[in-house]
Amino acid sequence: DILRDVAELSYGDINGKLVADLGCGFGVLAIGTALLGAERVVAFDIDDDAIRIGEKNVRDCDLETRVDFVKCDVVNLGWRGKFDTIVMNPPFGIQENDSRGAGGPNFGFIETALKFCT
């Protein structure tokens with residue numbers, strides 16, 4: 001909540017903007033940005049159940065006209081459009097284990113986010 005408020009109040013990155021929520025899960029960030037005045041939010045996730053629950057959450061908040069969901073792997077999307085603002089809770093720690101047995105951040109996911117807004 002605080003991060004969204006800071007982004008909007010400090011930088012004007014949400015109100016009236018086209019926002020992408022990458023790895024949206026149940027749509028919490030998408031809903032929050034819509035409530036803060038985003039003109040349109042496109043929420044992306046790879047998980048069918050997350051999308052279904054996210055769509056229900058958006059309906060419950062009466063935001064169906066401002067939030068759309070897209071089921072896909074954003075790393076392989078090949079999106080050609082640009083967004084004003086990207087919000088995300090990236091899937092950290094889901095990569096294959098390295099030689100130490102530790103997973104790492106999904107850099108492909110983060111690189112995709114950068115391409116969406118540049």
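K56 forms a salt bridge with D60, and their closest N and O atoms sit 2.6 Å apart. A salt bridge here is a side-chain nitrogen of Lys or Arg within 4 Å of a carboxyl oxygen of Asp or Glu. Both K56 and D60 belong to helix α3, four residues apart, which is about one turn of the helix. Helices (H or I, at least four residues) and strands (E, at least two) are DSSP runs, numbered from the N terminus.

How open are the two partners? K56 is partly exposed at 42% relative accessibility, while D60 counts as exposed at 52%. For these labels, buried is under 20% relative accessible area, exposed is over 50%, and partly exposed falls in between (1.4 Å probe, protein chains only).

## What you are looking at

This is a predicted model, where local features need pLDDT of at least 70 and side-chain atom pairs count only at pLDDT 80 or more, though totals for chains, interfaces and linings use all residues. Residues are numbered from 1 along each chain as its sequence is written, and side-chain values use heavy atoms, with hydrogens and water left out.

## The sheet

Now for the strands. Four of them make an open sheet in the order β3-β2-β1-β4, with parallel pairing; two strands pair if DSSP finds at least two bridges between them. At the edges are β3 (67–71) and β4 (85–88), each pairing on one side only. From one strand to the next, the twist averages 20 degrees.

Strand β2 (residues 40–45) runs parallel to β3, and five bridges join them.

Helix α4 (residues 107–116) lies across β1, β2 and β4, running at about 160 degrees to β4. Axes are lines fitted to C-alpha atoms, for helices over the stretch in contact, and angles run from 0 to 180 degrees between N-to-C directions. Contact means heavy atoms within 4.5 Å.

## Two nonpolar cores

A nonpolar core is a set of buried Ala, Val, Leu, Ile, Met, Phe, Trp, Tyr and Cys residues joined through side-chain atoms within 4.5 Å. The largest one has 15 residues, and V41, V58, L63, V67 and F69 touch the most other members. Two or more residues each come from α2, β2, α3 (48–60) and β3, with α2 giving the most, at three.

Which residues does V67 touch, leaving aside its neighbours within four places in sequence? They are A30, A34, V41 and V58.

## Salt bridges across the chain

The whole structure holds four salt bridges. In one of them, the side chains of D68 and R40 meet at 2.7 Å, N to O. This pair links distant parts of the chain, with D68 in strand β3 and R40 in strand β2, 28 residues apart. D68 is partly exposed, with a relative accessible area of 29%, and R40 is also partly exposed, at 29%.

K71 makes a salt bridge with D48, the closest N and O atoms being 3.9 Å apart. Here too distant parts of the chain are linked: K71 is in strand β3 and D48 in helix α3, 23 residues apart. K71 is partly exposed, with a relative accessible area of 46%.
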